[in-house]
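Let's work through a few exercises on this structure, one step at a time. Have the sequence and the 3D view open as you go.

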Amino acid sequence: MRRGFPKGIAPLVLAVILVNPGGSAALAAPLSADMIVSVSDQVLALADRGKLIARYSISTSKFGTGDSGASYRTPLGTLFVSAKIGDRLPPGAVIKNRIPTGEVVAIDAPGRDPIVSRVIWLRGMETQNRAARDRCIYIHGTPEERRIGTPASFGCIRMRSSDIIDLYGRVHIGTHVLITLRKIHDFVKPEEPSLLARSD
């Protein structure tokens, strides 16, 4: 006899088991909070049912939007967090091929542009962003903080080290990420900022 949910009752929650690069399994539980990345505003907002939780200035691709292999563009649409790398690393810690190198780079260090501090690895959920994970599209820290607020990346979403560390602690494997050309105010209700909200 097949066991499962009673007839006519569907499961309310589906959990997905993902394997991160370190080989351990992580539970991707659906969460109410989502990330919204506005390319036009150069802002990432963390929102829960339209209520602002946190807001950060970012930098998307200087080549525009898209998902073709060698385009260096930022993909649009709905993605999700498939891995998180960099637990407890200090701000400015260099991460190469998703492994900390032991080096720490200062903010706006001349001639340096590595991935630093934290990596949030994205996987696409739609045809328009299906190559995102293979392209290594991340939300990550950058030492080039002077460029935050303007498109300057090679496809990833760059953040200040203090901001990516803060965001990293708030999101989980499975958190949805909407990358859009629309404005943040189309998704987040206008309201007085709370003590939890960050604003640049």
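**Exercise 1. Find which residues lie nearest the centre of the largest pocket, and sort its lining by class.**

Step 1: The largest pocket has 15 lining residues, and nearest its centre lie Cys136, His140, Phe154, Gly155 and Cys156. On a 1 Å grid over the protein atoms alone, a pocket is an open set of points with protein on both sides within 12 Å along at least five of seven lines, and lining residues have an atom within 4 Å of a point.

Before going on, a word on the ground rules: this is a predicted model, where local features need pLDDT of at least 70 and side-chain atom pairs count only at pLDDT 80 or more, while totals for chains, interfaces and linings use all residues. Residues are numbered from 1 along each chain as its sequence is written, and side-chain values use heavy atoms, with hydrogens and water left out.

Step 2: By class, the lining splits into eight nonpolar, four polar and three charged residues. Here Ala, Val, Leu, Ile, Met, Phe, Trp, Tyr, Cys and Pro are nonpolar, Asp, Glu, Lys and Arg are charged, and the others, Gly among them, are polar.

**Exercise 2. Work out how the rings of Phe63, Tyr72 and Phe154 are linked.**

Step 1: Rings of Phe, Tyr and Trp (its six-membered ring) pair if their centres lie within 6.5 Å; planes under 30 degrees apart are stacked, over 60 edge-to-face, and the rest tilted. That rule gives four aromatic pairs.

Step 2: Take phenylalanine 63 and tyrosine 72: their ring centres are 6.0 Å apart and their planes are at 40 degrees, so this pair is tilted.

Step 3: Now phenylalanine 63 with phenylalanine 154: the centres are 5.9 Å apart and the planes at 50 degrees, so that pair is tilted. It joins distant parts of the chain, 91 residues apart.

Step 4: Put together, ring pairs make a cluster of Phe63, Tyr72 and Phe154.

**Exercise 3. Is aspartate 134 buried or exposed?**

Step 1: Buried means under 20% relative accessible area, exposed over 50%, and partly exposed in between (1.4 Å probe, protein chains only).

Step 2: Aspartate 134 has 73% relative accessibility, so it counts as exposed.

Methods
On a 1 Å grid over the protein atoms alone, a cavity is a set of points where a 1.4 Å probe fits but cannot get out, and a pocket is an open set with protein on both sides within 12 Å along at least five of seven lines; lining residues have an atom within 4 Å of a point. Helices (H or I, at least four residues) and strands (E, at least two) are DSSP runs, numbered from the N terminus.
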